[in-house]
Amino acid sequence: MTGSEPCDACGDPIEEALARTVQLNVDRSEVDSQRLCPSCFADWIERYRTEMQPQARGDDEIRGDSDIIVD
Ligand SMILES: [Zn+2]
């Protein structure tokens with residue numbers, strides 16, 4: 001057992017030392033938690049920032065406190 005787990009995005013085994021666990025908190029409720037390899041982590045951040053761009057849509061649920069917590 002190496003303790004490695006597959007990346008949630010691409011499925012490749014990732015070393016513990018390189019693992020990035022991301023949590024997206026909206027209104028203090030955890031809505032997403034993923035273990036990602038560095039490459040997918042970068043992609044995830046990019047997608048998060050794109051999706052969280054203010055748009056003229058009725059996404060009132062997304063408003064409020066939001067943070068990315070990276071361990
Ligand atoms: Zn990956």
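1. Buried means under 20% relative accessible area, exposed means over 50%, and partly exposed lies in between, with a 1.4 Å probe and protein chains only. By that rule, Cys7 is buried. Cys37 is buried too. Keep both residues in mind, as they return below.

2. A word on the model. It is predicted: local features need pLDDT of at least 70, side-chain atom pairs count only at pLDDT 80 or more, and totals for chains, interfaces and linings use all residues. Residues are numbered from 1 along each chain as its sequence is written, and side-chain values use heavy atoms, with hydrogens and water left out.

3. Start with the layout. The protein chain has 1 helix and 5 strands. Read from the N terminus, the order is β-β-β-β-α-β. Helices (H or I, at least four residues) and strands (E, at least two) are DSSP runs, numbered from the N terminus.

4. Next, the chain totals. The protein chain has 71 residues, and 23% of them are buried. It exposes about 5,400 Å², of which carbon and sulfur atoms supply 45%. Accessible areas come from the Shrake-Rupley method with a 1.4 Å probe; for residues, only the protein chains shown count as cover. Among contacts (heavy atoms within 4.5 Å) with a separation of 6 or more, 47% join residues 24 or more positions apart.

5. Which protein atoms are the donors of the zinc ion? They are the SG atoms of Cys7, Cys10, Cys37 and Cys40, at 2.3 to 2.4 Å. Donors are N, O and S atoms within 2.8 Å of the metal (3.2 Å for Na, K and Ca); water is not among the atoms, so sites may look incomplete. Along the chain, the donors follow the spacing C-x2-C-x26-C-x2-C. Cys7 sits in the loop between β1 (5-6) and β2 (13-14), while Cys37 sits in the loop between β4 and α1 (38-51). These two are 30 residues apart, so the pair links distant parts of the chain.

6. Why is the zinc arrangement called tetrahedral? The 4 donor atoms subtend angles of 102 to 119 degrees, which makes it so. Four donors count as tetrahedral if all angles lie between 85 and 135 degrees.

7. Now the core. The largest nonpolar core has 10 residues, including Cys7, Cys37, Phe41 and Trp44. Helix α1 gives the most to this core, with 5 residues. A nonpolar core is a set of buried Ala, Val, Leu, Ile, Met, Phe, Trp, Tyr and Cys residues joined through side-chain atoms within 4.5 Å.

8. Arg35 lies in strand β4 (residues 29-36). Is Arg35 buried or exposed? Arg35 counts as buried because its relative accessibility is 18%. Its side chain makes a polar contact with the side chain of Glu5, at 3.3 Å. A polar contact is a pair of N or O atoms within 3.5 Å; within protein, one must be able to donate a hydrogen and the other to accept it, and residues adjacent in sequence count only if both atoms are side-chain atoms.

9. Pro13 belongs to strand β2. Pro13 is exposed, because its relative accessible area is 66%. Leaving aside neighbours within four places in sequence, Pro13 is in contact with Glu5 and Pro6.

10. Thr50 is in helix α1. Its relative accessibility is 46%, so Thr50 counts as partly exposed. The Thr50 side chain reaches the backbone oxygen of Glu46 at 2.9 Å.

11. Last, Asp71. This residue is in the segment after β5 (66-70). At 71% relative accessibility, Asp71 counts as exposed. Asp71 and Arg20 are 51 residues apart along the chain, yet their C-alpha atoms are separated by 6.6 Å.

How values were computed. Four donors count as tetrahedral if all angles lie between 85 and 135 degrees; four count as square planar and six as octahedral if opposite donors are over 155 degrees apart and all others between 65 and 115; anything else is irregular.
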